[in-house]
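This briefing looks at how side chains meet one another in a protein chain. Keep the structure at hand while reading.

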Amino acid sequence: MSPSGYVANPNEWIRGLSPLHDSGTGSSLGTYGNFEIMPLLCPYGFTTCATTLQARIRKRKNHTDDAAPGYFSLTLDNNIKMEATPTRRAGLERFTFPPQLRSYFVLDLSNDLPGSFAGGELNIDPERGRITISGRYGSSFGPGRYSYQAFACYDVLDGGRQKMEEYGVWTGDTVGLDAKGPNMRRVNLTLNLIGGIYQAGALFSLSPPDRANNTLNIRVGISFRSVEQACANAEEEVGGASFEEIRDRARLLWLDKLKRVEIDLANTSKNVTQMLYSSMYRSFLTPNNATGESQAEFLDTPHPYFDSLYCSWDTYRTAFPWMGLHSPEDYAQIVDTYIDGWRKHGWMPECRANNLPGWTQGGSSADNIVGHFAVSYHNEAVALGIDLEELYAAMVADAELNPPEWNTLGRQVDIYKRYGYVPFSVLDTASTGRQTREGSRTLEYAFEDFAVRQVAQLLGKTADVETYTNRSMSYRNIWDRFVVSDGFRGFFQKKYPNGTFQFTDPINCSPNDTQYETRPCSLQGSNVNGFYESSSWEYSWFVPHDTAHLVTLMGGNSTFLRRLDHFFEAGYYQAGNEPSFQTPIGYHYANRPAQSVDRVREVVFQNFNHTDSGLPGNDDQAAMATLLLFHLLGFYPVPGSTQYLQLSPFVPKYTIHNPYLGVSTTVTVVNFDPESVQEVIPEGASAYVESVTVNGEPSPRCYFDFYDTFKKGGEIVITLTANKTEVDDCQGTLPDSLSTGGFSTVRR
């Protein structure tokens with residue numbers, strides 16, 4: 001099963017078409033997948049149709065999957081073709097059956113991907129040709145006691161061109177129940193308290209205008225508010241439009257999004273083009289704009305409402321900095337959604353999933369997301385609907401107020417402030433949460449404090465700048481200089497309240513861990529490693545705001561570089577794990593930017609490609625997609641700042657358009673060599689940055705600022721050379737670190 005609901009492997013089973021999905025989440029359960037509809041052939045009539053999930057699943061015909069922005073199709077092994085095209089809250093589904101055969105459909109009330117059905121109702125109105133569904137379902141990545149509401153409205157007569165021939169309801173389970181009620185119009189089920197999924201839904205047959213063509217259209221609307229709203233969404237967004245009309249509308253909407261980046265197609269390799277635009281497509285899929293569809297505390301909120309903030313720990317590093325380059329209006333609406341979480345709950349959401357609170361992974365990572373927006377767009381904030389003082393108040397609440405339960409909101413901040421780190425085995429009598437991940441939580445809390453510090457500096461809050469600068473240095477409190485692994489000394493470790501370290505092997509939870517497949521490394525209560533989904537080998541590189549001091553802790557440039565090489569060559573690096581995202585560019589901080597270029601080429605070609613298996617794991621709500629975009633275009637963000645690290649593009653020329661600002665920025669690569677775009681750059685291939693100019697003025701070789709480039713627009717010229725040795729330094733201007741006086745001013 002895929003968390004998003006789609007699996008490319010033709011040997012996997014097809015269970016139906018669902019109008020509700022999240023793209024590329026890390027949930028092993030899957031997410032959404034509600035209201036599946038499955039076309040059937042029932043040669044022996046209504047009562048013999050396969051309705052339960054295990055009975056109705058089928059394989060597909062090989063090489064029939066087809067997809068484009070706004071369109072999907074495949075053909076089942078019984079020669080029924082399924083197609084779908086969407087609007088924001090509705091869509092059309094088209095089914096083509098073999099000629100002359102009667103078409104049946106099963107519509108599922110109870111089966112979603114996580115198997116979380118908690119009760120619901122389905123009603124059939126055969127005269128109107130309308131089937132409505134309302135149900136409660138559970139989170140795919142959060143507390144099981146919470147549930148959300150979802151609604152669907154299926155119109156099956158295609159404006160009177162089709163007829164409903166038979167209809168009824170069905171119930172079933174996995175141990176023999178398979179009951180059908182011809183001509184029955186309603187099924188109403190509560191939560192099955194004894195456990196298991198009590199399956200139910202509708203079964204009906206349709207006659208098309210032309211049985212020889214045997215194509216049928218079904219309109220669907222969805223809502224998180226009510227059945228009536230779902231039907232209204234379908235009428236408003238689809239109405240009587242044809243499948244082709246809706247597909248064309250979707251294509252034009254997607255074209256408007258995708259054209260925000262233009263590349264030199266003629267001189268860019270096909271695989272790079274495919275990787276780039278498929279990544280950009282996925283970057284727009286998430287989070288889900290559910291404005292007007294909010295529920296519970298957010299019902300009728302006057303602010304934008306986004307679902308699938310899934311999770312902020314995944315997306316703050318690359319997804320939102322990427323969005324900020326070209327779509328500040330979207331970014332501002334999402335920032336307002338985060339702030340609205342603080343308005344309603346007292347803390348900003350960390351991992352809203354399925355309209356419900358999800359599990360906290362690193363702390364209050366929303367601080368990094370709203371902070372990055374503030375430093376990038378403070379001049380435009382009011383016009384974009386953001387009050388920066390309110391934004392800052394939400395950040396301070398995350399940083400200063402300890403929620404009574406911090407598994408889903410905020411941080412264990414009272415303990416963190418008392419000790420200067422998150423201790424292992426600490427007495428906490430005032431708040432509840434899973435006391436694991438002490439090392440990684442300390443590192444993430446420190447970086448979140450850096451984000452607060454940046455906005456405090458922006459707003460002229462001098463005392464707060466000092467407070468949060470000091471707190472952002474808390475990472476130093478868990479550096480154990482005596483731990484040795486693979487001959488390298490000094491690693492982050494978890495620490496007792498009395499100041500002594502509790503040793504865990506830095507290799508634990510890394511790909512080199514001999515118990516990697518069985519050791520608890522995630523949110524389990526039995527994770528005693530001290531780090532989340534990671535090893536100390538991996539997290540010991542994570543100090544994005546003060547890497548210069550990390551170089552010192554590791555023994556200086558020479559040792560840092562040898563250790564960084566070893567990290568990759570020994571197999572500790574995990575491209576699909578967010579704490580590793582910036583590590584390939586770590587060479588910049590030791591004054592070896594050309595080595596970052598080499599390492600990024602290696603990372604891309606070892607871990608990404610344009611096939612259906614071209615990601616190192618799942619997409620993590622576009623975290624991987626946007627990481628790849630930055631690598632391909634040759635730069636990388638430092639979240640919470642306006643600084644970007646300069647790399648070598650995989651394309652000879654590109655332009656990023658920012659329609660809101662009315663600016664376009666074109667990057668031209670002089671001496672671009674297509675031979676350099678491979679895993680190992682051949683000797684003599686031009687790939688290394690010799691010089692950079694921004695609108696005709698010289699710019700540092702190793703970094704640039706958003707305000708000088710993509711905020712202003714204009715021309716960036718990157719000149720490359722094959723002489724790696726000659727240009728393997730930052731010309732005296734290393735990227736910023738707090739301990740060396742970096743990030744000392746606010747760009748205005």
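The points below cover aromatic rings, charges over rings, one arginine and salt bridges.

The model is predicted. Its aromatic pairs number 52, and a search of the whole structure finds 47 salt bridges. A few examples of each are described here.

**Aromatic pairs**

- A pair of aromatic rings is described by the distance of the centres and the angle of the planes.
- For Tyr416 and Tyr445, the ring centres are 5.1 Å apart and the planes stand at 85 degrees, so this pair is edge-to-face.
- Tyr416 belongs to helix α10 (residues 413–419) and Tyr445 to helix α11 (residues 438–458), so the pair ties together parts that are 29 residues apart in sequence.
- Tyr416 and Tyr445 are both buried.
- Phe491 and Trp537 are also edge-to-face, because their planes are at 70 degrees, with the ring centres 5.1 Å apart.
- Phe491 is in strand β21 (residues 488–492) and Trp537 is in helix α13 (residues 536–539), and the pair links these distant parts of the chain, 46 residues apart.
- Phe491 and Trp537 are each buried.
- One aromatic cluster is formed by Phe488, Phe491, Trp537, Trp541, Phe560, Phe567, Phe568, Tyr572 and Tyr573.

**Charges over rings**

- Lys59 has its charged end over the ring of Trp13, at 4.5 Å from the ring centre.
- Arg247 has its charged end over the ring of Tyr71, at 3.7 Å from the ring centre.

**Arg352, a buried charge**

- Arg352 is located in strand β18 (residues 352–353).
- Which side chain of opposite charge is nearest to Arg352? Asp307 is the nearest, at 5.4 Å.
- A salt bridge needs the nitrogen and oxygen atoms to be within 4 Å, and Arg352, though buried, has no salt bridge.
- A polar atom of the Arg352 side chain lies 2.5 Å from the backbone oxygen of Phe306.
- Leaving aside residues up to four places away in sequence, Arg352 touches Phe298, Tyr305, Phe306, Asp307, Ser308, Leu309, Tyr310, Thr337 and Gly358.

**Salt bridges**

- Arg94 and Glu83 form a salt bridge through their side chains, with N to O at 2.9 Å.
- Arg94 is in strand β5 (residues 90–96) and Glu83 is in strand β4 (residues 81–86), so this pair ties together parts 11 residues apart in sequence.
- Arg94 and Glu83 are both buried.
- Glu236 and Arg89 form a salt bridge, and their closest N and O atoms are 3.8 Å apart.
- This pair links distant parts of the chain, with Glu236 in helix α2 (residues 227–237) and Arg89 in the loop between β4 and β5, 147 residues apart.
- Is Glu236 buried or exposed? Glu236 counts as exposed because its relative accessibility is 60%.
- Arg89 counts as buried because its relative accessibility is 11%.
- Asp546 and Arg476 meet through their side chains in a salt bridge, with N to O at 3.1 Å.
- Asp546 is in the loop between α13 and α14 (547–553), and Arg476 is in the loop between α12 (462–472) and β20 (479–485), so the pair links distant parts of the chain, 70 residues apart.
- Asp546 has 0% relative accessibility and so counts as buried, whereas Arg476 is partly exposed, with a relative accessible area of 31%.
- A network of salt bridges links Asp367, Glu400, Arg411, Lys417, Glu448, Asp449 and Arg471.

Conventions: Residues are numbered from 1 along each chain as its sequence is written. This is a predicted model: local features need pLDDT of at least 70, side-chain atom pairs count only at pLDDT 80 or more; totals for chains, interfaces and linings use all residues. Side-chain values use heavy atoms; hydrogens and water are left out. Rings of Phe, Tyr and Trp (its six-membered ring) pair if their centres lie within 6.5 Å; planes under 30 degrees apart count as stacked, over 60 as edge-to-face and the rest as tilted. Helices (H or I, at least four residues) and strands (E, at least two) are DSSP runs, numbered from the N terminus. Buried means under 20% relative accessible area, exposed over 50%, partly exposed in between (1.4 Å probe, protein chains only). A charge sits over a ring if NZ of Lys or CZ of Arg is within 6 Å of the ring centre and within 35 degrees of the ring normal. Lys and Arg count as positive and Asp and Glu as negative; His and the chain ends are not counted. A polar contact is a pair of N or O atoms within 3.5 Å; within protein, one must be able to donate a hydrogen and the other to accept it, and residues adjacent in sequence count only if both atoms are side-chain atoms. Contact means heavy atoms within 4.5 Å.
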